Amino acid sequence: MRLAYVTSSLPHGQGEAFILPEVLELVRQGHEVWVVPMYPRGGLVHGEALQLRDRAVVQPLVSREVALGALREFLRSPARALQALALLLTRNPRHLIKNLAVYPKGLWLGGLVSRLGVEHIHAHWAATTASMAMVASEVSGIPFSLTAHRWDVVENNLLRRKAERARFFRCISEKTLAMALERGVPREKTLVLHLGVYLPEGKPANRLEGEVFTLLCPAAFVPIKGHSYLIEAMRLLPERVHLWLAGEGELRPKLEEQVRALGLEKRVRFLGALPHERLLDLYRTGQVDAVVLASVDLGDGLNEGIPVALIEAMAFGYPVVATATGGIPELLRDGAGLLVPDKSPEALAEAILRLIQDKALREGVSRKGYLRVQQEFAVEKVVRALVELWRGARVG
């Protein structure tokens with residue numbers, strides 16, 4: 001198939017690395033994929049993104065080429081262009097401004113996909129990327145679909161209208177599906193299809209067991225990730241437990257100050273934002289013992305989806321500890337990981353200590369997590385299911 005993937009900024013920037021396996025697997029399976037970032041920003045941070053450089057059509061949100069392309073599409077079919085504009089109208093002023101901002105680029109995209117012979121447009125995020133894809137579909141006549149994650153469902157920017165116009169409304173978790181249904185998305189248009197990852201070849205990694213028990217937390221330093229509770233938990237754990245934090249973000253100075261205040265400088269290490277391959281190398285070479293996320297529920301539906309950081313660790317056979325927020329219980333059910341309440345350093349410390357002291361528990365959690373990812377999160381299976389849907393298979 002010839003496909004157009006509408007993203008927020010991928011292949012640029014760091015925020016959408018979890019989409020890369022899906023796009024790369026589509027290419028590997030022989031499909032022609034064009035990646036069109038709505039608002040490209042940042043460099044080509046991830047090594048895998050370099051493979052998409054020749055498949056990306058990168059234009060700023062506002063440019064001469066976008067304006068001319070939008071004008072051409074409007075003049076070619078004024079009725080369709082006006083109908084597409086009408087689809088973006090909403091009483092929510094914030095959503096209206098955002099939708100109108102992407103309208104010209106949606107018209108431009110409609111012309112682009114027609115010239116490229118694209119058979120289907122797929123948008124990641126149900127927010128303005130989906131607005132742009134809906135406009136392009138309306139003016140070109142090419143069908144579109146979308147993948148909804150978490151915050152984009154909470155925002156509720158014309159979710160029902162987009163679902164009604166789309167071929168299907170994909171949710172990455174059962175939690176996302178529940179939130180979408182609460183906001184009026186028609187059940188017959190929805191399905192749950194997880195984000196996929198590449199599974200490492202061979203058996204799970206052999207960890208280098210030693211005197212130090214090393215925890216890894218691969219997560220951006222933003223409020224929803226709950227790093228402060230994890231750092232507080234370190235104060236309750238034995239000296240032999242060390243914590244590596246892989247990420248960057250607005251909260252780093254505050255977290256560094258917390259580490260100093262608790263006297264944990266020798267046990268908590270800030271790795272910075274690791275390239276994806278370097279992160280996977282930590283798993284391949286057995287340099288860590290377990291992976292932990294201390295995510296918190298911020299209320300109003302602001303919580304985790306199903307973190308790819310956990311899925312990847314489980315794919316390598318690592319035991320994981322995480323909080324029971326958002327879609328995480330869906331991933332770790334039936335003993336595939338240890339679940340604890342959020343905002344509780346004591347519960348985090350207790351679960352981590354259980355892993356350290358009970359080798360049978362550690363091995364059982366590792367095995368169940370590995371099998372869970374194999375069965376439901378292998379990117380090859382996810383991509384085959386998507387292609388069937390794009391070719392017209394029924395939803396639900």
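Modeller: Contact here means heavy atoms within 4.5 Å of each other. The structure under discussion is a predicted model.

Biologist: Which residues does Thr 323 touch, leaving out those up to four places away in sequence?

Modeller: Thr 323 is placed in strand E11, which covers residues 320–323. With a relative accessible area of 1%, Thr 323 is buried. Residues up to four places away in sequence being set aside, Thr 323 touches Leu 293, Ala 294, Ser 295, Ile 328, Leu 339, Val 340, Pro 341 and Asp 342.

Biologist: Is Thr 214 buried or exposed?

Modeller: Thr 214 has its place in strand E7, residues 213–218. Beyond neighbours within four places in sequence, Thr 214 is in contact with His 242, Trp 244, Gln 287, Val 288, Asp 289 and Ala 290. The cut-off for burial is a relative accessible area under 20%. The relative accessibility of Thr 214 is 7%, so this residue counts as buried.

Biologist: How many helices and strands does the chain have, and how does its radius of gyration stand against the globule rule?

Modeller: The chain has 16 helices and 12 strands. For 396 residues the globule rule gives 21 Å, and the chain is close to that value, so it is as compact as a globular protein of that length. The radius of gyration itself is 22 Å.

Biologist: What percentage of the residues of the chain count as buried?

Modeller: The C-alpha trace spans about 70 × 40 × 40 Å along its principal axes. The accessible surface of the chain comes to about 16,600 Å², with 52% of this belonging to carbon and sulfur atoms. Taken over the 396 residues of the chain, the share that counts as buried is 58%.

Biologist: Among contacts between residues at least 6 apart in sequence, what percentage join residues at least 24 apart?

Modeller: The contacts considered are those in the chain between residues at least 6 apart in sequence. Of these, the share joining residues at least 24 apart is 72%.

Biologist: Why is helix H1 described as largely enclosed, and which elements do its buried residues pack against?

Modeller: Helix H1 spans residues 20–28, and seven of its nine residues are buried, so the rest of the structure largely encloses this helix. The buried residues of H1 are Leu 20, Pro 21, Glu 22, Val 23, Leu 24, Glu 25 and Leu 26. After H1 comes Gly 30, with a positive phi near 95 degrees. The elements packed against by the buried residues of H1 are strands E1 (2–7), E2 (32–37), E3 (120–124) and E5 (169–171), together with helix H16 (379–390).

Biologist: At roughly what angle do the axes of H14 and H15 cross?

Modeller: Helix H14 covers residues 345–357 and helix H15 covers residues 359–376, and their axes come within 5 Å. Angles of 65 to 115 degrees count as roughly perpendicular, and H14 and H15 are therefore roughly perpendicular to each other. Their axes cross at roughly 105 degrees.

Biologist: Which residues of H14 and H15 meet?

Modeller: By class, the contact of H14 with H15 has three nonpolar, one polar and three charged residues. From H14 come Arg 354, Leu 355, Ile 356 and Gln 357. In H15 they meet Lys 359, Leu 361 and Arg 362.

Biologist: Which residues does a cis peptide bond join?

Modeller: Most peptide bonds are trans. The bond in question has an omega of about 15 degrees, and Pro 11 is found in the loop between E1 and H1. The residues joined by this cis peptide bond are Leu 10 and Pro 11.

Biologist: Leu 158 has a positive phi although it is not a glycine; what is its value?

Modeller: Most residues other than glycine have a negative phi. Leu 158 lies in the loop between helix H6 (151–155) and helix H7 (159–165), and it is buried, with a relative accessible area of 12%. Its phi is about 55 degrees.

Biologist: Does Asp 334 count as buried or exposed?

Modeller: Asp 334 is placed in the loop between helix H13 (328–332) and strand E12 (338–340). Its phi is near 60 degrees, a positive value in a residue other than glycine. The relative accessibility of Asp 334 is 67%, so the residue counts as exposed.

Terms used
Residues numbered from 1 in each chain as written. Predicted model: local features only at pLDDT ≥ 70, side-chain atom pairs only at ≥ 80, totals over all residues. Heavy atoms only, no water. Axes fitted to C-alpha atoms, helices over the stretch in contact; angles between N-to-C directions. Helix = DSSP H or I, 4+ residues; strand = E, 2+ residues; numbered from the N terminus. Parallel < 35°, antiparallel > 145°, perpendicular 65-115°, else oblique. Nonpolar A, V, L, I, M, F, W, Y, C, P; charged D, E, K, R; others polar. Rg over C-alpha atoms; globule rule 2.2 N^0.38 Å. Buried < 20%, exposed > 50% of the residue type's maximum accessible area, 1.4 Å probe, protein only. Areas by Shrake-Rupley, 256 points an atom, 1.4 Å probe, with all protein chains shown as cover.
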